[in-house]
Amino acid sequence: MSLLLLLWQEAAPIEVPEDLKQPPTIMKQSVKNYIVDPRDNIIIECEAKGNPVPTFSWRRNGKFFNIGKDPRVTMRKRSGTLEIGFRSGGRPEDYEGEYQCFATNDFGVSLSNKILLRVSKAPLWPKEVLEPVSVTEGSPLVLPCNPPPGLPPPFTFWMDSNMSPIPQDKRVSMGLNGDLYFSNVLAQDANTDYSCKARFLFTHTIQEKNPYKLKVQTNRKVAESTPTFLSPSGSESSKMVLRDEQLLLECIAAGLPTPIIKWFKKGGELPGQKVKFENFNKTLKIVSVSEEDAGEYVCMANNHLGTIRHSIFVQVKAAPYWLVKPSDQVLAPEETGRLICRANGNPKPHIEWLVNGQPIESSPTNPNRQVLGDTIIFRSVQIGSSAVYQCNASNEHGYLLANAFVNVLDLPPRMLGPKNQLIKVIKNNRTFLDCPFFGSPLPELRWFKNGQGSGLDGGQYRVYINGTLEIKRARAEDEGTYTCVASSILGKAENQVRLEVKEPTRIIQAPEHQSAIRGSTARFTCRVTSDPSLPVSVAWMKDDKPLYLGWRLKKDDESLSIPNVNEGDEGTYTCTVKSEIDQLSASARLTVLARPDPPMDLDLSDPAARSVRLTWIPGKDHRSPITEFLVQFEEDRWEPGRWQNLSSYPGDLNSVILQLAPFVNYQFRVIAINSVGQSDPSRPSPRYKTTGAAPDAIPKGLRGWGSRKDNMEITWEPLLDLERNGPNLHYIVWWRRKDVEEEWNNVTTLGAKHVVHNTEIYVPYEIKIQARNEFGAGPESNMVIGYSGEDKPTDAPTDLRVSKVDSTKVIIHWNPVDLNSVQGEFKEYRLYYWRESSQVPGLVVIKEKKVKGFYSTTVKPSGMLSDLVPYSNYKMFMVVANNRFESQPSNTVEFTTKEGVPDAPRFFKINRRSLDTIHLEWAKPLEPNGILTGYQLKYQTVNGSKVGPFQLETFFPNVTEFFLLVPDRSSRYKFFLSALTQVGKGEDYAEESPHFTNEAYIDQVDIATQGWFIGLMCAIALIILILLIVCFIKRSRGGKYPGGGYMSCFTKALVRDKKDLPLDAVDQKDQDGSFDYQFH
């Protein structure tokens, strides 16, 4: 953008103010080749400016066109535009021809181009009868189109009688001339008919040729053929194209197999940036041809039978184009100037000069003017010699016409722009300060900053011919007032521009792309910074359209919130930050994610005995790809209406084979799953019923066990409903004694249990099971071992004893029993023990019986009993146990644990802290584990991570509190208290004193030592003294104070302190003003 502005600043001519006298200038005109729609009015444009306002006239086909005599033709006011209407009749074709507009005022005549007006034509297709086309399979074929000539030429295409386009490929395609080419004909080409259509652009009509019918003669074996060219013919051809137009070269070849087309340029490479291949490589296209595109182009067609080539010699000609276009000249009297008209073309164009629309040769002689080919030189021009000059450059391919006036004026400098402008620019940007001016002769323009120094030009500054000052990079120090001064021999004029340099507006946190789940809240942040003196506004757009906030969307200074997002919120959001001098934008895309739509159109196929194929169409994934499909089923026999999961499949599948169970009437549904969640279930599929079969499954959990001493219960888990495989499911159970030669016993049952009665105590059995239904028997289970019922053990352990007794554990020994006496599965020797009492005087214990098992089959079993309480008396006995019963108890054993270290004190706390004392209090341990010999207290100061040395205190066992004097009131202490026995020190109880200012309790402070209290007492004493003095004075004057003397006076003074209170009946006022108070 800056480059375009710079080029404009360089090239912009000096404009003549419209209030000054000047020749006419054509501003708008119709195109040279002007094709009009016959259904509309004809409008031929011609607009011009000048002072005085120009008048307009027209020539048609080189002759004056008298508009006033034709009622259909009108000219617009203050314009030369013609409008030709046909409401009252007339034919548009009657107005075809070449038109030229003349704009005239007192200072000259300006000409438009010669406008060739033609009316669009859409002629009808000639009626013709087309015989069926007969062709041999494999032969080439060309179906000609030959559309009627139109203006402009129609667009052609091929369709069949069903109005479907003819498919085109490298074998069958339409040529540039509209014909349909078959490189080789196939038998299936006869299955359709072929009709060429022509669409006329102006009339928007389509005409069609009668269709071709093909008859293809087929052979058992189609002969292959080498390539030949269908278009163009021969080995070479030529093509002429004009500069800047489009070059189209075409090669279409016949042959079987279909030939492949390739292109080359002889003596060079194809222009890769400009060339395009179309129509399956049959057409080479170059847009905007230039002279270097001329040369020999070769197309090559080949198949495996051979290769052919065709050369196309391309010539590039050129209609005239401008090298230097003449421009308007403003000259002062006696000045010199020139008009240059330089054009090129192929062939080289002829240059012709006109003045005010007449050939310059036939115009009056002007001694101050000299024509030198493409240049006119003016010397010492005079007032009154203003005119419009036309330059016509033409060759056989076209022409160029340019108007340029020479306006002779004698005017002092003047400023054309607004006065004292304020320009605000962004720091470091290229800046242009405009100072449009005019004068004749052309004034010299200079710029000054802050009214000081020499003119600004060079370095950071650049002054353009039209008066614009460029500051290449605006900085803070460039702020100030700039003055532009235009001066000539006739005077000078000036204008001022004040420049302010501002900090740029920046987006310091731009919105970021995000994905939001439907129903959640999305938030885009757009945080900006800007120059403090420039107010900025932040506007939001969605998909490049202004965003309507409504009641749901919320915007603040830095963000846009979109609550409860839905699919309609998806799109690109742009925050545009705008100040009065700059703006910038940042965009981010919101993708709304949602649960997928349910799958659709469930279909069952490929049925089999135990499988079926399920196919479905996935629903929309809502921008979150489907990762999984869950197939569920429902059956109507055992649990109708209950949907169960069958299997899961990857999200890229939509057709799966389902493995099914026999004898089930299924229906299916599918659930799609993406990162957001599960879709709703699809609609159910049709039902699918599988045939029955013998059971496949073996009942699980087969076992035999005795619920009584003379039986064995055989139990198992029944088959699941989907494992039945058919009706009338039942079970066959076999059993026999293990290690005994006997036949199998069996029973058939419908349940999941069978009881064998009259068994011996705890003997092993071999057991197996099989499921059966109407379709047959399932597989037999593996044999398992079960046992009949257990009975109470007949023997008990003997000689229970202890050894190695310490404070918390003891070793026990016993004599084992004969395992045959257990009368069941030997589980363990079970020891029952309890704490009978404590040896600590006065300590009451709970006699809780505990159990510990020992599994041992050795001859001399033993074990360890731990977790005992020290210094306690224990009792214990032992039994032997099977799964159901225990034996009689063994002998009872008593033992005593040794003394141990005590538990921690029951509690330990700081009851109170004064300014210099900490009071510690604790209680005896719950379990002394021996005779207490005292307590040990260790403590140290704590200051953050720093600790002081330990100090030690010991106490007698009957002491449970301690007062610690604190030398430093701000110190904190950590205490470790433990109880002692003869064995040693017990577990520590740790406690830390809180800081004095953070105490949770209120310190007790000696109030008598507080300053405020002493001051209060002194004030009270002074008041009492004053009152006593007043009473003494009253008394000395003879006042009566019965019943109390001075004290009565003092009391009354305290009680009655308001003189306006009414007196009691017994109150008597003496003449001297004293009161006599009496007590009742």
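1. A disulfide is here a pair of cysteine sulfur atoms within 2.5 Å. In general, such a link is a covalent bond between the sulfur atoms of two cysteines. The model is a predicted one, in which local features need pLDDT of at least 70 and side-chain atom pairs count only at pLDDT 80 or more, while totals for chains, interfaces and linings use all residues. Residues are numbered from 1 along each chain as its sequence is written, and side-chain values use heavy atoms, with hydrogens and water left out.

2. Six disulfides are found when the whole structure is searched, and one of them joins cysteine 145 to cysteine 196, with an S to S distance of 1.9 Å. This disulfide is left-handed because the torsion about its S-S bond is about -65°. Cysteine 145 lies in the loop between strand E13 (141-143) and strand E14 (155-159), whereas cysteine 196 belongs to strand E17 (residues 193-200), so that the pair, 51 residues apart, links distant parts of the chain. Strands (E, at least two residues) are DSSP runs, numbered from the N terminus. Cysteine 145 is buried at a relative accessible area of 0%, and cysteine 196 also counts as buried at 0%; buried means under 20% relative accessible area, exposed over 50%, and partly exposed in between (1.4 Å probe, protein chains only).

3. A disulfide is also formed by cysteine 341 and cysteine 391, whose sulfur atoms are 1.6 Å apart. The link of cysteine 341 and cysteine 391 is left-handed, with -65° about the S-S bond. Cysteine 341 sits in the loop between strand E30 (337-340) and strand E31 (342-346), and cysteine 391 in strand E36 (residues 387-395), 50 residues apart. Both cysteine 341 and cysteine 391 are buried.

4. Cysteine 435 and cysteine 484 form a disulfide with their sulfur atoms 2.0 Å apart, and this disulfide is right-handed because the torsion about the S-S bond is about 70°. Cysteine 435 is in the loop between strand E40 (431-433) and strand E41 (437-440), while cysteine 484 is in strand E45 (residues 480-488), 49 residues apart. Cysteine 435 and cysteine 484 are both buried.

5. Turning to the sheet, four strands form an open sheet in the order E60-E59-E62-E63, with antiparallel pairing, where two strands pair if DSSP finds at least two bridges between them. The edge strands, each pairing on one side only, are E60 (644-650) and E63 (688-689). Strand E62 (residues 665-673) pairs with E63 over two bridges, and tyrosine 666 has tyrosine 688 in E63 as its bridge partner.
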